[in-house]
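Here are my notes on the two-chain model you passed along. Have it open while you read.

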Amino acid sequence: MEGMSLISRGFHGRRRTPAGAEGRVPPGQYVTDGFPVLSAGPTPRTPLTEWTFSVRRGGSNLRSWSWAEMLALPAETVTVDIHCVTRWSKLDTQWRGVSLDTLLGQVEGDAGYVLAFCDGGYTTNLPIADVTGGRAWLACEYDEQPLDPEHGGPARLLVPHLYFWKSAKWVRGVELLEHDEPGFWETYGYHMYGDPWKEQRYSGD
Amino acid sequence: MEGTALQRRLTWQAATVTAAAWETPSVRTLELAVPGWPGHRAGQHLDVRLTAEDGYAAERSYSIASAPGEPVAITVERLEDGEVSPYLTGELRIGDTLELRGPVGGYFVWAEADGGPLLLVAGGSGVVPLRAIIRQRRRSGSDAPIRMLYSARTLPDVIYRDELDSYRNGVAVSYALTRARPPGWTGYARPVDAGMLAEVAWPAGEEPLVFVCGPTGFVETVAGELVGLGYSPGRVKTERFGGI
């Protein structure tokens, strides 16, 4: 952020950081108990019998998992804080899913970046370093329940250290890339990386 | 389509309130003078930042209510348990300044070249960016026909009612009042459902371009029903608000 902020006459603010949440809420965010939804189109509903998660390179499949095969992989339960670019943050959300380390570990070869692709045509780009090392999951449960379609079910990415648009809903796989390429929101002016602690909301932030 | 707005860095700038008007008892439109405003497209939004004397700041996004080329305006619904909207509706006066940056967003937008026909579906204050689209159609001289379906609790809750009722020549607005109706009301008297959409919406074969904006549950229902009516999901653009 640049310079001094202009004081807004008569503004005091109501919503300070809740007790116990100090240091957990990035700049410009507020804590919500709800779970707001943001998406650009209708919610897709792919039957689980047709669902796969694929790792691709150059458009060709390196490895695919059916829903049953994905469920057979070792899963982890994680409790994390999430931060949406529309300014809500939600603390201590609980998810269950397969680490991307497990999925990418079954595929040969190096890549610098991934482009996640989804039902409905949504995409988002992430550095490989941000989806490995225990920092990203293919999540299929929220709060001990199957993930609701509205929130990205049957499965979404969970990359909690970045703004939540990077945690792609309805994800169907990742394309391995050598160079970074913008995904859907990144093409429309949102930040290529999206670190909430640096408030990287828009291109140039 | 995306292009220029992407490379420009969005910096905070001071805006001065030049006009304020109540649309309903709880919804206020603020017209803003923004020196160096780069221009916007119909459907985009902007970010507002308020800063208290102790440095505490709160930011929110608001849809731009005006068409490109018109003075920048936002229309704000007062949320009683909100933090920013009570200030913008209750405290801010003409001549005051606030900080904003924008425009933001490039997907939920319409320009003359995008053509039509257009179906606009609004829930409550979700009408704001759709109003910018209708005004842009008029300003650009587009002949893309528009059908709008606007769901509100009661008639006094309808935002921009005089303006919406004044449109003719290719803009048809239907209302669905969900809570109470005035005597003699001939519009819809129930929440938006599949039957209502089938009556109001363009036949899917005309390949309309659709913009749906409103609360999450409303948008989920409408977008899902439109896909059920044969609309192409890729032509149904949605914007939802859920948080406060």
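The numbered points below go from the overall fold to local details.

1. Ground rules first. This is a predicted model, where local features need pLDDT of at least 70 and side-chain atom pairs count only at pLDDT 80 or more, while totals for chains, interfaces and linings use all residues. Residues are numbered from 1 along each chain as its sequence is written, and chains are lettered from A and ligands numbered from 1 in the order in which they are written.

2. Chain B overall. I get six helices and eleven strands in chain B; helices (H or I, at least four residues) and strands (E, at least two) are DSSP runs, numbered from the N terminus. The radius of gyration of chain B is 18 Å, which agrees with the value near 18 Å for a compact globule of 244 residues. That figure is taken over C-alpha atoms, and the globule rule is 2.2 Å times the number of residues to the power 0.38. Along the principal axes, the C-alpha atoms of chain B fill a box of roughly 55 × 45 × 30 Å.

3. Burial and contacts. In chain B, 46% of the 244 residues are buried (20 or more other C-beta atoms within 10 Å of the residue's own; exposed means 12 or fewer, partly exposed is in between, and C-beta atoms are placed from the backbone). Take the chain B contacts between residues at least 6 apart in sequence: 70% of them join residues at least 24 apart. A contact here means that the two C-beta atoms, placed from the backbone, lie within 7 Å.

4. The sheet. Chain B has an open, parallel sheet of five strands in the order β9-β8-β7-β10-β11, with pairing called when DSSP finds at least two bridges between two strands. Its edges are β9 and β11 (236-241) of chain B, each pairing on one side only. From one strand to the next the twist averages 10°. Six bridges tie β10 (residues 209-215) of chain B to β11(B), and B:V212 sits opposite B:T238 in β11(B).

5. The helix on the sheet. Helix α6 (residues 216-228) of chain B packs on the sheet and touches β7, β8, β10 and β11 of chain B. Its direction makes about 155° with that of β10(B); axes are lines fitted to C-alpha atoms, for helices over the stretch in contact, and angles run from 0 to 180 degrees between N-to-C directions.

6. The core. Which residues touch the most other members of the largest nonpolar core? Among them are A:A116, A:L138, B:F211 and B:V212, in a core of 114 residues. Such a core is a set of buried Ala, Val, Leu, Ile, Met, Phe, Trp, Tyr and Cys residues joined through C-beta atoms within 7 Å. Leaving aside residues up to four places away in sequence, B:F211 touches residues including B:W110, B:L120, B:L130 and B:K237.

7. Backbone spots to check. Cis peptide bonds join B:G102 to B:P103 and B:G116 to B:P117, with omega about 0° in the former and about 0° in the latter. B:P103 is in strand β6 of chain B, whereas B:P117 is in the loop between β6 and β7. Positive phi turns up at A:W170, near 55°, and at B:N169, about 50°; neither is a glycine. A:W170 counts as buried, with 25 C-beta neighbours inside 10 Å, while B:N169 is exposed, with 8.
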